Amino acid sequence: MKKLAFAAAIGLLGTMASADPIEGVWKTQPDEGSYAHITLAPCGDKICGVISRTFNDSGEYNSPTKGKRLVRDMVAQGGGAYKGRVWRPSNDKIYLGKMQLSGNSLKLKGCVAGGLLCSSQTWTRIK
């Protein structure tokens, strides 16, 4: 029994050690008075982010965007950089996306026209 418990503990540690450093819950910058919590987690061999909570000036509310995928198919490039796609709820468009992780700060950038027109936000880690 002790060997089985030890093997299970080692397996759990191995899973924890392999977690991507970008995984977790992130707070977006306010956009038109609202902000969200985005949960970044694996989606297959990539990273995706789902809108997990939404807030406005009155507090938490049930936005129609809650539960939708904002960050799509991000692939680690090394050095805390990621490339994939991002969805912008305000205009319902998907952009080429980049993320750069720096400690508990995450810079997210979405671009169109081959990277000529870009918009960015800096998110902060919640957990």
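Trainee: What is the handedness of the link of Cys43 and Cys48?

Mentor: A disulfide is a covalent bond between the sulfur atoms of two cysteines. In practice, a disulfide is assigned to a pair of cysteine sulfur atoms within 2.5 Å. The link of Cys43 and Cys48 is right-handed, with 60 degrees about the S-S bond, and their sulfur atoms are 2.0 Å apart. Do remember that this is a predicted model: local features need pLDDT of at least 70, side-chain atom pairs count only at pLDDT 80 or more, and totals for chains, interfaces and linings use all residues. Residues are numbered from 1 along each chain as its sequence is written, and side-chain values use heavy atoms, with hydrogens and water left out.

Trainee: How many disulfides does a search of the whole structure find?

Mentor: The search finds 2. The other pair is Cys111 and Cys118, S to S 2.1 Å. The torsion about their S-S bond is about 110 degrees, so that disulfide is right-handed. With bonded cysteines counted along the chain, the pattern is 1-2, 3-4.

Trainee: Is Cys111 buried or exposed?

Mentor: Buried means under 20% relative accessible area, exposed over 50%, and partly exposed in between (1.4 Å probe, protein chains only). Cys111 counts as buried because its relative accessibility is 10%, whereas Cys118 is partly exposed at 38%. Cys43 and Cys48 are both buried.

Trainee: Which residues does Pro21 contact, leaving aside neighbours within four places in sequence?

Mentor: Contact means heavy atoms within 4.5 Å. By that rule, Pro21 meets Tyr82, Leu101 and Arg125. Pro21 counts as exposed, at 52% relative accessibility.
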